[in-house]
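Subject: Structure handover

Hello,

Please find the structure below.

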Amino acid sequence: MPDLLAPAATAVTLENVEAAARRLKGVITKTPLLLNLGLSRTYDATVLLKREDLQVVRSYKIRGAYNKIATLPLTVPAREIVCASAGNHAQGVAYACQLLGLRGDVFMPAQTPAQKVDKVRLFGKDLVDIHLIGRTFDDCYQAAQAFCDARGSTFVHPFDDLAVVEGQATVGLEILKAAHHQPIDFCFLPIGGGGLASGVASVFRQLSPLTRLVGVQPLGAPSMHDAIRAGRRQALASLDTFVDGAAVKCPGELTFEICQALLDEVHLVPEGQVCEDLLKMYNEEGMVLEPAGTLTISALHAYADQIRSKTVVCVVSGSNNDITRMEDIKERAQRHQGLKHYFMVTFNQAPGALRRFVNNVLAEGDDIIQFQYIKKNNKEKGPVFIGVEVKNPHDVEGIKARMAAEGFGFEYLNGKQDFLSLLV
């Protein structure tokens, strides 16, 4: 168990979390803690989902945003609010501004899904202005800070603020009250910047100290995982923004200290696994989740042996997913399952090369799903981008072997997401 004597372990008090819960009464939805029969059967465990996807803004972020803004002193020189967000925190801030009658400026990355941008407009009404800037959360965070400093406004941080963490901690209070004193063996918590994990972990360590607390991050955005392993905060050199609600280059100072002190471990989940489980929850459970909201469910695969016969809570953090992303989600899921494979193949520019590839390389059931070839008359060989769909994951090894036997030079591209995103 982590060192509970670390200073950060006492940063969040139950008194302040309970005060936040009272402040949020009538503002948020007390989301249910629901037994999921499908997951429970799959893992031979009692799997309970804390459904923050059913929150009024379809994520837990309203809790911290409202708690922070509602506790600002009336003497603040500028009661204008500024925030930076990948989308969900922005909706929470916008809704809080509307409820409290305050002006707000919301900064989000330029590639934020349109669905999240539209929701910010809906919740903020005419009180909130939206600024789309930068590629990542960290880009728009810098722009928001500069804007805030120039205007003298109040910046509401998405995670690295004690009042925000105390608001998110109310999720932990609700879980334990809904469990009716039933021991919880594992609690899986999604992590972007660490506000939710910090708050819930603080409550659990005080009220349910034997629960194993597992933070979950996407493999392409392991900021908290890497910081805890290194023993210090450090910005990631690169970031996969696909799980946009958890794509943060560097954890907060406060949240890092709390998570380092209180979490048992941080687990990384491949983005393809998130996509596979997101589709599964939609098809089998009728749950519309965003990638970040699926993280904790995806972590269960790696813990199957440990959670057998245990009581497990997964915090489902949000459902703000853009329907236009579903094709990309399906594509990534199929690659993760080993059913779609991409190659750059060197073809001799001679008649019959393609026929030889189809007849001698592909097996029955293999299907070409993408083919891009630019003939260069001044060269004897030319590259061809080929996508193949197979029936079984291991079938790709036969394709590779037959290409080599037929003299086709090739490069396997499935692990090169940046390159594939330009072509698929």
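Let me start with two helices. Ala-20, Arg-23 and Leu-24 in α1 meet Ile-62, Arg-63, Tyr-66, Asn-67 and Ala-70 in α3. To "meet" is to be in contact, with heavy atoms within 4.5 Å. Helices (H or I, at least four residues) and strands (E, at least two) are DSSP runs, numbered from the N terminus.

Some ground rules. This is a predicted model, in which local features need pLDDT of at least 70 and side-chain atom pairs count only at pLDDT 80 or more, while totals for chains, interfaces and linings use all residues. Residues are numbered from 1 along each chain as its sequence is written, and side-chain values use heavy atoms, leaving out hydrogens and water.

**Helix pairs**

Back to α1 and α3 (residues 61-70). They pack at an angle of about 95°, and their axes are 10 Å apart. Therefore α1 is roughly perpendicular to α3. That label covers 65 to 115 degrees; under 35 is roughly parallel, over 145 roughly antiparallel, and the rest oblique. Axes are lines fitted to C-alpha atoms, for helices over the stretch in contact, and angles run from 0 to 180 degrees between N-to-C directions. The contact of α1 with α3 has 5 nonpolar, 1 polar and 2 charged residues. Here Ala, Val, Leu, Ile, Met, Phe, Trp, Tyr, Cys and Pro count as nonpolar, Asp, Glu, Lys and Arg as charged, and the others, Gly among them, as polar.

Next come α11 (residues 271-285) and α12 (residues 291-299). Their packing angle is about 95°, with the axes 9 Å apart. So α11 is roughly perpendicular to α12. Residues of α11 in the contact include Val-274 and Met-281, and those of α12 include Leu-295 and Ile-297. By class, this contact has 6 nonpolar, 3 polar and 1 charged residues.

**Cores**

Which residues touch the most other members of the largest nonpolar core? Of its 36 residues, they are Ile-175, Phe-204 and Leu-263. A nonpolar core is a set of buried Ala, Val, Leu, Ile, Met, Phe, Trp, Tyr and Cys residues joined through side-chain atoms within 4.5 Å. Buried means under 20% relative accessible area, exposed over 50%, and partly exposed in between (1.4 Å probe, protein chains only). Among the elements giving two or more residues to this core are α1 (14-24), α7 (162-178) and β10 (311-316). Another core, of 33 residues, lies apart from it and includes Val-214 and Ile-329.

Look at Arg-205 in helix α8 too. Its relative accessible area is 7%, so Arg-205 is buried. Arg-205 and Leu-262 are 57 residues apart in sequence, but 7.2 Å apart in space, C-alpha to C-alpha.

**Strands**

An open sheet of 4 strands runs in the order β12-β13-β11-β14, with antiparallel pairing. Strands pair if DSSP finds at least two bridges between them. β12 (367-373) and β14 (409-412) are the edge strands. β11 (residues 340-348) and β13 (residues 381-389) pair over 9 bridges. Thr-346 has Pro-383 in β13 as its bridge partner. Helix α15 (residues 353-360) lies across β11, β12 and β13, at about 140° to β11. Helix α16 (residues 395-405) lies across β11, β13 and β14, at about 5° to β11.

Finally, β4 (residues 104-108). Of its 5 residues, 5 are buried. Gly-104, Val-106 and Met-108 are on one side, with Asp-105 and Phe-107 on the other. Strand β3 (residues 81-84) pairs with β4 in the parallel sense over 4 bridges.

Best wishes
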